[in-house]
Amino acid sequence: MSLSSKNAALVDKINGVKTIWLTTHPQADGDGLACQAAMTSALFELGKNVKVMNFEAPSGKYRFLFERATGRKITVAVFDADLDPAPPDLIILFDTNDFRLIESMATWARARNVPIAVLDHHQGQTPPETLAWTDSEAASSGEVLLTLLEAMKVPMTAAIATALYASLVFDTQNFRFIRASARSHIMAAKLLPLVTEPEKIHESLFANLTPSKLGFIAASLAAMRIEAEGTLAVVTLPKTMFLRYAADPSDSGDVIDMALNVNSVKIALLLREDESGRWKVSMRSKRGFSVLSAAESLGGGGHSNAAGATVLDADPSSIELRLKPLLLGEIRSKMTS
Ligand SMILES: [Mn+2]
(Lines give C-alpha, C1' and ligand atoms only; values in the text may rest on other atoms or scores of the structure.)
Protein backbone atom coordinates (compact mmCIF):
# COMPACT_ATOMS: atom_id res chain seq x y z
CA MET A 1 0.00 0.00 0.00
CA SER A 2 1.48 3.35 -0.93
CA LEU A 3 0.74 6.18 1.45
CA SER A 4 -0.23 9.72 0.64
CA SER A 5 2.40 12.19 1.78
CA LYS A 6 0.10 13.36 4.56
CA ASN A 7 -0.41 9.82 5.86
CA ALA A 8 3.30 9.03 5.54
CA ALA A 9 4.11 12.16 7.53
CA LEU A 10 1.92 10.97 10.41
CA VAL A 11 3.55 7.52 10.41
CA ASP A 12 7.00 9.15 10.47
CA LYS A 13 5.92 11.43 13.29
CA ILE A 14 4.58 8.57 15.43
CA ASN A 15 7.73 6.52 14.79
CA GLY A 16 9.95 9.47 15.65
CA VAL A 17 8.49 10.51 19.01
CA LYS A 18 8.56 9.00 22.49
CA THR A 19 5.60 10.36 24.44
CA ILE A 20 2.10 10.45 22.95
CA TRP A 21 -1.27 11.48 24.36
CA LEU A 22 -4.44 10.08 22.90
CA THR A 23 -7.54 12.22 23.19
CA THR A 24 -11.11 12.33 21.88
CA HIS A 25 -14.03 14.74 22.02
CA PRO A 26 -15.80 15.52 25.34
CA GLN A 27 -18.65 13.13 26.19
CA ALA A 28 -16.50 10.47 24.65
CA ASP A 29 -18.33 7.57 23.04
CA GLY A 30 -17.55 3.91 22.33
CA ASP A 31 -15.79 4.67 19.05
CA GLY A 32 -13.31 7.27 20.30
CA LEU A 33 -12.62 5.39 23.55
CA ALA A 34 -12.14 2.05 21.81
CA CYS A 35 -9.70 3.70 19.40
CA GLN A 36 -7.76 5.03 22.37
CA ALA A 37 -7.63 1.57 23.94
CA ALA A 38 -6.51 -0.03 20.66
CA MET A 39 -3.93 2.66 19.98
CA THR A 40 -2.57 2.46 23.53
CA SER A 41 -1.96 -1.28 23.11
CA ALA A 42 -0.40 -0.67 19.68
CA LEU A 43 1.91 2.04 21.00
CA PHE A 44 2.90 -0.17 23.95
CA GLU A 45 4.00 -2.71 21.31
CA LEU A 46 6.14 0.01 19.74
CA GLY A 47 7.67 0.95 23.11
CA LYS A 48 6.09 4.40 23.37
CA ASN A 49 5.01 6.27 26.49
CA VAL A 50 1.26 6.64 26.09
CA LYS A 51 -1.38 8.46 28.08
CA VAL A 52 -5.10 8.62 27.43
CA MET A 53 -6.01 12.25 28.13
CA ASN A 54 -9.72 13.00 28.00
CA PHE A 55 -12.21 15.61 29.13
CA GLU A 56 -13.99 13.37 31.64
CA ALA A 57 -13.67 9.86 33.04
CA PRO A 58 -15.22 7.28 30.71
CA SER A 59 -18.78 6.39 31.62
CA GLY A 60 -19.28 2.96 33.20
CA LYS A 61 -20.28 0.97 30.14
CA TYR A 62 -17.00 1.85 28.43
CA ARG A 63 -14.66 1.07 31.32
CA PHE A 64 -14.14 -2.52 30.16
CA LEU A 65 -12.20 -1.14 27.20
CA PHE A 66 -9.44 0.02 29.50
CA GLU A 67 -9.60 -2.93 31.90
CA ARG A 68 -9.91 -5.98 29.72
CA ALA A 69 -8.49 -4.83 26.42
CA THR A 70 -4.86 -4.90 27.34
CA GLY A 71 -2.40 -6.87 29.41
CA ARG A 72 -1.16 -3.61 30.89
CA LYS A 73 -3.21 -1.12 32.77
CA ILE A 74 -4.21 1.94 30.80
CA THR A 75 -4.47 5.18 32.76
CA VAL A 76 -7.20 7.52 31.68
CA ALA A 77 -6.40 11.05 32.85
CA VAL A 78 -8.66 14.09 32.72
CA PHE A 79 -7.13 17.12 31.06
CA ASP A 80 -6.82 20.29 33.12
CA ALA A 81 -4.84 23.14 31.55
CA ASP A 82 -4.45 24.76 34.99
CA LEU A 83 -2.45 21.77 36.22
CA ASP A 84 -0.11 22.30 33.26
CA PRO A 85 0.98 18.67 32.83
CA ALA A 86 4.31 17.80 31.22
CA PRO A 87 3.70 18.19 27.48
CA PRO A 88 3.91 15.10 25.24
CA ASP A 89 5.72 15.06 21.87
CA LEU A 90 2.46 14.46 20.02
CA ILE A 91 -1.28 14.38 20.68
CA ILE A 92 -3.58 12.23 18.53
CA LEU A 93 -7.23 13.29 18.45
CA PHE A 94 -9.71 10.50 17.66
CA ASP A 95 -13.21 10.54 16.23
CA THR A 96 -13.55 14.26 15.50
CA ASN A 97 -11.72 16.81 13.40
CA ASP A 98 -13.35 19.76 15.14
CA PHE A 99 -10.69 21.45 17.26
CA ARG A 100 -13.32 23.71 18.81
CA LEU A 101 -14.51 20.66 20.78
CA ILE A 102 -11.11 20.38 22.47
CA GLU A 103 -10.38 24.07 22.61
CA SER A 104 -8.76 24.13 26.06
CA MET A 105 -6.30 21.39 25.06
CA ALA A 106 -5.72 22.82 21.58
CA THR A 107 -4.85 26.23 23.01
CA TRP A 108 -2.61 24.69 25.66
CA ALA A 109 -0.84 22.52 23.05
CA ARG A 110 -0.35 25.40 20.58
CA ALA A 111 1.41 27.47 23.26
CA ARG A 112 3.80 24.55 23.86
CA ASN A 113 4.35 23.63 20.21
CA VAL A 114 2.79 20.20 20.68
CA PRO A 115 1.30 19.04 17.36
CA ILE A 116 -2.21 17.53 17.38
CA ALA A 117 -2.80 14.88 14.72
CA VAL A 118 -6.32 13.80 13.71
CA LEU A 119 -7.64 10.29 13.13
CA ASP A 120 -11.28 10.47 12.13
CA HIS A 121 -14.14 9.43 9.86
CA HIS A 122 -16.34 12.54 9.95
CA GLN A 123 -16.86 15.03 7.14
CA GLY A 124 -14.83 18.18 7.40
CA GLN A 125 -11.44 19.49 6.49
CA THR A 126 -8.39 19.54 8.67
CA PRO A 127 -6.01 22.45 7.97
CA PRO A 128 -3.29 21.47 5.45
CA GLU A 129 -0.53 21.72 8.07
CA THR A 130 -2.33 19.32 10.45
CA LEU A 131 -1.10 15.73 10.53
CA ALA A 132 -4.12 13.57 9.76
CA TRP A 133 -5.30 10.08 8.85
CA THR A 134 -8.95 10.37 7.86
CA ASP A 135 -11.55 8.61 5.74
CA SER A 136 -15.05 10.03 5.65
CA GLU A 137 -16.36 6.88 4.00
CA ALA A 138 -15.42 4.69 6.96
CA ALA A 139 -18.27 3.70 9.25
CA SER A 140 -16.16 4.07 12.40
CA SER A 141 -12.90 5.66 13.49
CA GLY A 142 -11.81 2.14 14.42
CA GLU A 143 -11.91 1.22 10.75
CA VAL A 144 -9.64 4.18 9.98
CA LEU A 145 -7.29 3.21 12.82
CA LEU A 146 -7.01 -0.35 11.49
CA THR A 147 -5.64 1.03 8.20
CA LEU A 148 -3.08 3.11 10.12
CA LEU A 149 -1.96 0.14 12.23
CA GLU A 150 -1.66 -2.02 9.11
CA ALA A 151 0.40 0.66 7.39
CA MET A 152 2.63 0.85 10.46
CA LYS A 153 2.92 -2.96 10.46
CA VAL A 154 1.92 -3.17 14.12
CA PRO A 155 1.39 -6.85 14.96
CA MET A 156 -2.32 -7.48 15.58
CA THR A 157 -2.81 -8.67 19.16
CA ALA A 158 -5.93 -9.84 20.98
CA ALA A 159 -5.98 -6.55 22.90
CA ILE A 160 -5.90 -4.41 19.77
CA ALA A 161 -8.41 -6.60 17.92
CA THR A 162 -10.83 -6.58 20.84
CA ALA A 163 -10.78 -2.80 21.13
CA LEU A 164 -11.13 -2.29 17.35
CA TYR A 165 -14.01 -4.73 17.28
CA ALA A 166 -15.70 -2.73 20.06
CA SER A 167 -15.31 0.46 18.02
CA LEU A 168 -16.81 -1.27 15.01
CA VAL A 169 -19.89 -2.69 16.73
CA PHE A 170 -20.45 0.54 18.64
CA ASP A 171 -20.35 3.00 15.76
CA THR A 172 -22.24 0.77 13.34
CA GLN A 173 -24.72 -0.01 16.17
CA ASN A 174 -24.29 -3.74 15.64
CA PHE A 175 -23.71 -3.45 11.89
CA ARG A 176 -26.81 -1.35 11.25
CA PHE A 177 -25.09 1.84 10.02
CA ILE A 178 -22.47 0.48 7.62
CA ARG A 179 -22.74 3.18 4.93
CA ALA A 180 -23.91 0.60 2.36
CA SER A 181 -20.45 -0.95 2.29
CA ALA A 182 -19.02 -4.39 3.10
CA ARG A 183 -16.00 -2.77 4.77
CA SER A 184 -17.30 -3.13 8.34
CA HIS A 185 -18.01 -6.82 7.83
CA ILE A 186 -14.65 -7.40 6.18
CA MET A 187 -12.99 -5.73 9.15
CA ALA A 188 -14.99 -7.89 11.57
CA ALA A 189 -13.89 -11.02 9.69
CA LYS A 190 -10.27 -9.92 10.07
CA LEU A 191 -10.53 -9.19 13.79
CA LEU A 192 -12.81 -11.95 15.07
CA PRO A 193 -10.21 -14.77 15.10
CA LEU A 194 -8.40 -12.75 17.81
CA VAL A 195 -11.46 -11.66 19.80
CA THR A 196 -12.11 -14.29 22.44
CA GLU A 197 -15.57 -13.31 23.63
CA PRO A 198 -17.22 -11.00 21.10
CA GLU A 199 -20.65 -11.38 22.71
CA LYS A 200 -19.23 -9.88 25.94
CA ILE A 201 -18.42 -6.71 23.97
CA HIS A 202 -21.97 -6.47 22.66
CA GLU A 203 -23.23 -7.03 26.20
CA SER A 204 -21.04 -4.32 27.71
CA LEU A 205 -21.97 -1.78 25.05
CA PHE A 206 -25.65 -2.53 24.56
CA ALA A 207 -26.98 -4.75 27.35
CA ASN A 208 -25.96 -2.53 30.22
CA LEU A 209 -29.32 -1.75 31.83
CA THR A 210 -29.64 -1.71 35.60
CA PRO A 211 -32.97 -1.94 37.43
CA SER A 212 -32.82 1.79 38.23
CA LYS A 213 -31.94 2.72 34.67
CA LEU A 214 -34.85 0.62 33.44
CA GLY A 215 -37.03 2.56 35.89
CA PHE A 216 -35.70 5.81 34.45
CA ILE A 217 -36.44 4.71 30.88
CA ALA A 218 -39.93 3.49 31.83
CA ALA A 219 -40.75 6.82 33.51
CA SER A 220 -39.30 8.78 30.58
CA LEU A 221 -41.34 6.80 28.06
CA ALA A 222 -44.46 7.32 30.18
CA ALA A 223 -43.81 11.06 30.01
CA MET A 224 -43.36 10.99 26.22
CA ARG A 225 -46.06 12.51 24.04
CA ILE A 226 -46.50 11.47 20.43
CA GLU A 227 -48.26 14.16 18.47
CA ALA A 228 -49.11 15.41 14.99
CA GLU A 229 -50.57 12.12 13.70
CA GLY A 230 -47.73 10.18 15.30
CA THR A 231 -44.95 12.08 13.52
CA LEU A 232 -43.46 14.08 16.40
CA ALA A 233 -42.29 12.69 19.75
CA VAL A 234 -41.70 15.12 22.62
CA VAL A 235 -40.32 14.34 26.05
CA THR A 236 -39.34 16.67 28.88
CA LEU A 237 -37.02 15.33 31.58
CA PRO A 238 -36.61 17.59 34.62
CA LYS A 239 -33.57 17.22 36.86
CA THR A 240 -35.70 15.56 39.54
CA MET A 241 -36.23 12.62 37.17
CA PHE A 242 -32.48 11.99 36.97
CA LEU A 243 -32.10 12.33 40.74
CA ARG A 244 -34.98 9.93 41.48
CA TYR A 245 -33.44 7.13 39.40
CA ALA A 246 -29.76 8.08 39.93
CA ALA A 247 -29.63 8.36 36.14
CA ASP A 248 -26.77 9.85 34.19
CA PRO A 249 -27.57 12.73 31.78
CA SER A 250 -26.30 10.53 28.95
CA ASP A 251 -29.02 7.97 29.75
CA SER A 252 -31.48 10.28 28.01
CA GLY A 253 -29.81 9.24 24.72
CA ASP A 254 -31.56 5.87 24.95
CA VAL A 255 -34.91 7.59 25.41
CA ILE A 256 -34.62 9.72 22.28
CA ASP A 257 -33.35 6.70 20.31
CA MET A 258 -36.44 4.75 21.33
CA ALA A 259 -38.70 7.63 20.27
CA LEU A 260 -37.18 7.54 16.81
CA ASN A 261 -37.69 3.78 16.65
CA VAL A 262 -41.45 4.38 16.57
CA ASN A 263 -42.31 3.74 12.91
CA SER A 264 -44.48 6.82 12.38
CA VAL A 265 -42.17 9.26 14.23
CA LYS A 266 -40.13 11.52 11.93
CA ILE A 267 -38.64 13.85 14.54
CA ALA A 268 -37.98 13.37 18.26
CA LEU A 269 -37.47 16.30 20.63
CA LEU A 270 -35.99 15.84 24.09
CA LEU A 271 -35.65 18.59 26.68
CA ARG A 272 -33.32 17.76 29.55
CA GLU A 273 -32.75 19.94 32.59
CA ASP A 274 -29.05 19.82 33.45
CA GLU A 275 -29.09 22.48 36.12
CA SER A 276 -31.95 24.46 37.49
CA GLY A 277 -33.29 26.50 34.55
CA ARG A 278 -30.60 25.26 32.16
CA TRP A 279 -32.09 23.02 29.48
CA LYS A 280 -30.30 20.85 26.95
CA VAL A 281 -32.39 20.50 23.82
CA SER A 282 -31.72 17.39 21.72
CA MET A 283 -33.41 16.61 18.43
CA ARG A 284 -33.13 13.59 16.17
CA SER A 285 -34.76 12.99 12.83
CA LYS A 286 -35.22 10.21 10.34
CA ARG A 287 -33.47 10.35 6.99
CA GLY A 288 -35.00 13.04 4.77
CA PHE A 289 -36.00 15.29 7.70
CA SER A 290 -33.65 17.89 9.15
CA VAL A 291 -33.51 19.29 12.68
CA LEU A 292 -30.49 21.52 12.10
CA SER A 293 -32.24 24.82 11.45
CA ALA A 294 -34.48 24.30 14.50
CA ALA A 295 -31.35 23.86 16.65
CA GLU A 296 -29.74 26.91 15.04
CA SER A 297 -32.82 28.98 15.88
CA LEU A 298 -31.85 28.43 19.54
CA GLY A 299 -28.20 29.26 18.92
CA GLY A 300 -27.19 25.61 18.77
CA GLY A 301 -25.97 23.36 15.98
CA GLY A 302 -25.18 19.81 14.92
CA HIS A 303 -26.08 18.09 11.73
CA SER A 304 -29.14 17.29 9.71
CA ASN A 305 -30.30 14.23 11.67
CA ALA A 306 -28.98 15.10 15.13
CA ALA A 307 -28.77 18.60 16.51
CA GLY A 308 -29.20 20.43 19.77
CA ALA A 309 -28.77 23.55 21.82
CA THR A 310 -28.46 24.68 25.42
CA VAL A 311 -31.01 27.21 26.64
CA LEU A 312 -30.54 29.17 29.86
CA ASP A 313 -33.21 30.73 32.05
CA ALA A 314 -36.10 29.18 30.21
CA ASP A 315 -38.96 26.88 31.01
CA PRO A 316 -39.44 23.77 28.90
CA SER A 317 -42.90 24.64 27.64
CA SER A 318 -41.71 27.94 26.16
CA ILE A 319 -38.82 26.16 24.40
CA GLU A 320 -41.25 23.59 23.04
CA LEU A 321 -43.57 26.36 21.88
CA ARG A 322 -40.73 28.00 19.94
CA LEU A 323 -39.56 24.79 18.30
CA LYS A 324 -42.84 23.12 17.43
CA PRO A 325 -43.83 25.31 14.45
CA LEU A 326 -40.37 24.73 12.94
CA LEU A 327 -40.44 20.98 13.49
CA LEU A 328 -44.01 20.55 12.28
CA GLY A 329 -43.23 22.74 9.26
CA GLU A 330 -40.27 20.50 8.43
CA ILE A 331 -42.34 17.33 8.79
CA ARG A 332 -45.21 18.70 6.67
CA SER A 333 -43.03 20.07 3.88
CA LYS A 334 -41.00 16.86 3.55
CA MET A 335 -44.00 14.54 3.79
CA THR A 336 -45.90 16.32 1.07
CA SER A 337 -42.89 16.80 -1.23
MN1 LIG B 1 -17.23 7.59 15.27
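## Overall build

Everything here rests on a predicted model. The chain contains 13 helices and 12 strands. Its radius of gyration comes to 21 Å, close to the 20 Å that the globule rule gives for 337 residues, so the chain is as compact as a globular protein of that length. If you are planning a picture, the C-alpha atoms fill a box of roughly 60 × 45 × 45 Å along the principal axes.

The chain is split into two parts: domain 1 covers 5-206, and domain 2 covers 211-336. Between the C-alpha centres of domain 1 and domain 2 there are 30 Å.

## Helices α2 and α5

Let us turn to the helix pairs. The crossing of α2 past α5 is right-handed.

On the α2 side, the residues in contact are D31, G32, A34, C35, A38, M39 and A42, and they meet S141, G142, L145 and L149 in α5. Sorted by class, the residues of this contact of α2 with α5 are 7 nonpolar, 3 polar and 1 charged.

## Helices α5 and α6

Helix α5 also packs with α6, here at an angle of about 145° and with axes 8 Å apart. From α5, the contact uses S141, G142, E143, L145, L146 and L149, while α6 supplies I160, L164, S167, L168 and D171. The contact of α5 with α6 has 6 nonpolar, 3 polar and 2 charged residues.

## Helices α6 and α7

How do α6 and α7 lie relative to each other, roughly parallel or roughly antiparallel? Helix α6 (residues 158-171) and helix α7 (residues 183-191) pack at an angle of about 155°, with 10 Å between their axes. Angles over 145 degrees count as roughly antiparallel, and α6 and α7 are therefore roughly antiparallel to each other. Here α6 passes α7 in a left-handed crossing.

A161, L164, Y165 and L168 of α6 make this contact together with S184, M187, A188 and L191 of α7. The residues of the contact of α6 with α7 divide into 7 nonpolar and 1 polar, with no charged residue.

Definitions and conventions
Residues numbered from 1 in each chain as written. Predicted model: local features only at pLDDT ≥ 70, side-chain atom pairs only at ≥ 80, totals over all residues. Axes fitted to C-alpha atoms, helices over the stretch in contact; angles between N-to-C directions. Helix = DSSP H or I, 4+ residues; strand = E, 2+ residues; numbered from the N terminus. Parallel < 35°, antiparallel > 145°, perpendicular 65-115°, else oblique. Left-handed = near helix turned anticlockwise from the far one by under 90°. Contact = placed C-beta atoms within 7 Å. Nonpolar A, V, L, I, M, F, W, Y, C, P; charged D, E, K, R; others polar. Domains from an automatic or database assignment. Rg over C-alpha atoms; globule rule 2.2 N^0.38 Å.
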